[in-house]
Amino acid sequence: MRSKKLTFSAFFVMLGVMALDTSTSLNAHNVYSSISQVEWNSSDNSIELVVQIHGHELETKLSIMNDRRMSFLEDADFGDLEKATGDYLASHINLALDETPVDLIFLGIETDGQTVIAYLEQDWPNAPSSIDYMNSIFLEDLAGQVNSVLVTVGENRQGGDIGLNTGPLRFIF
């Protein structure tokens with residue numbers, strides 16, 4: 001019993017030291033972002049989208065939305081997280097090529113460390129002359145969230161950032 005009290009007390013002492021030490025942060029990070037790459041692939045006439053998202057933020061959001069705790073660290077949860085990610089992205093990513101809305105096909109996800117990488121695509125017969133892109137993931141949830149995008153058509157590359165009070169970005173080629 002004495003060793004449990006000692007361990008319990010040591011825990012609170014350590015917690016107190018951590019709280020006093022301003023160099024120790026209890027938050028993992030305070031920068032919230034996603035990165036999207038949109039590219040027209042001339043070899044197979046398609047538009048391809050790759051979205052990189054912080055995994056712990058995504059699993060938290062999806063767990064809340066699905067009323068159950070899910071983790072990318074648990075193999076048993078991966079299928080449910082993949083489906084939920086596709087549904088979430090479908091409601092938060094909008095793409096228009098030459099002012100025509102595009103219904104993207106969700107291909108799946110993979111994880112790389114703490115990053116979730118999602119893949120989407122759609123057939124598109126010609127290089128677009130304009131691309132309108134909106135990514136609203138986490139904008140209402142995380143203060144300071146910025147969703148960056150890099151768009152490539154042929155040799156032309158353009159980029160921009162989307163925040164809470166910005167709308168879709170338009171890229172002209």
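Predicted model: local features only at pLDDT ≥ 70, side-chain atom pairs only at ≥ 80, totals over all residues.
User: Which parts of the chain does the pair of Y88 and F138 tie together?

Analyst: Y88 belongs to helix α3 (residues 78–92), whereas F138 sits in the loop between β7 (130–135) and β8 (146–153), so the pair links parts that are 50 residues apart in sequence.

User: Are Y88 and F138 buried or exposed?

Analyst: The term "buried" is applied to a residue under 20% relative accessible area. Both Y88 and F138 are buried.

User: In what order do the strands of the four-stranded sheet run, and what is the sense of their pairing?

Analyst: The order is β4-β3-β7-β10, in an open sheet with antiparallel pairing. At the edges stand β4 (100–102) and β10 (169–172), each with a single partner strand, so one side of each has no neighbour in the sheet. From one strand to the next, the twist averages 25°.

User: How many bridges join β3 and β4?

Analyst: Strand β3 (residues 93–97) pairs with β4 in the antiparallel sense over three bridges.

User: How is the six-stranded sheet arranged, and which strands are at its edges?

Analyst: This open sheet has the order β5-β6-β2-β1-β8-β9, and its pairing is mixed. The edge strands, β5 (105–112) and β9 (156–162), each pair on one side only. On average, neighbouring strands of this sheet are turned by 15° against each other, direction ignored.

User: How many bridges join β5 to β6, and how many join β2 to β6?

Analyst: The β5 and β6 strands pair in the antiparallel sense over seven bridges. Within that pairing, T111 has V116 in β6 as its bridge partner, and G108 stands opposite Y119 in β6. The hairpin of β5 and β6 has two residues between the strands, and there G113 takes a positive phi near 65°. The β2 and β6 strands pair in the antiparallel sense over nine bridges, with E121 in β6 as the bridge partner of E48.

User: What does the side chain of S34 contact?

Analyst: A polar contact is a pair of N or O atoms within 3.5 Å. The side chain of S34 makes one with the side chain of N147, at 2.7 Å. S34 is found in strand β1 (residues 33–41) and is buried, with a relative accessible area of 1%. Beyond its neighbours within four places in sequence, S34 is in contact with residues including Q52, N135, Q145 and N147.

User: Where does Q145 lie, and is Q145 buried or exposed?

Analyst: Q145 lies in the loop between β7 and β8 and is buried, with a relative accessible area of 3%. The side chains of Q145 and N147 are joined by a polar contact of 2.7 Å. Apart from neighbours within four places in sequence, the contacts of Q145 include Y32, S34, F138 and I162.

User: Is P125 buried or exposed, and which residues does P125 touch?

Analyst: P125, in the loop between β6 (115–123) and β7, has 54% relative accessibility and counts as exposed. Not counting residues up to four places away in sequence, P125 touches W40 and N45. The C-alpha atoms of P125 and N45 are separated by 5.0 Å, although these residues are 80 residues apart along the chain.

Methods:
Residues numbered from 1 in each chain as written. Heavy atoms only, no water. Buried < 20%, exposed > 50% of the residue type's maximum accessible area, 1.4 Å probe, protein only. Pairing = 2+ DSSP bridges. Axes fitted to C-alpha atoms, helices over the stretch in contact; angles between N-to-C directions. Polar contact = N/O pair within 3.5 Å; in protein donor to acceptor, adjacent residues only side chain to side chain. Contact = heavy atoms within 4.5 Å.
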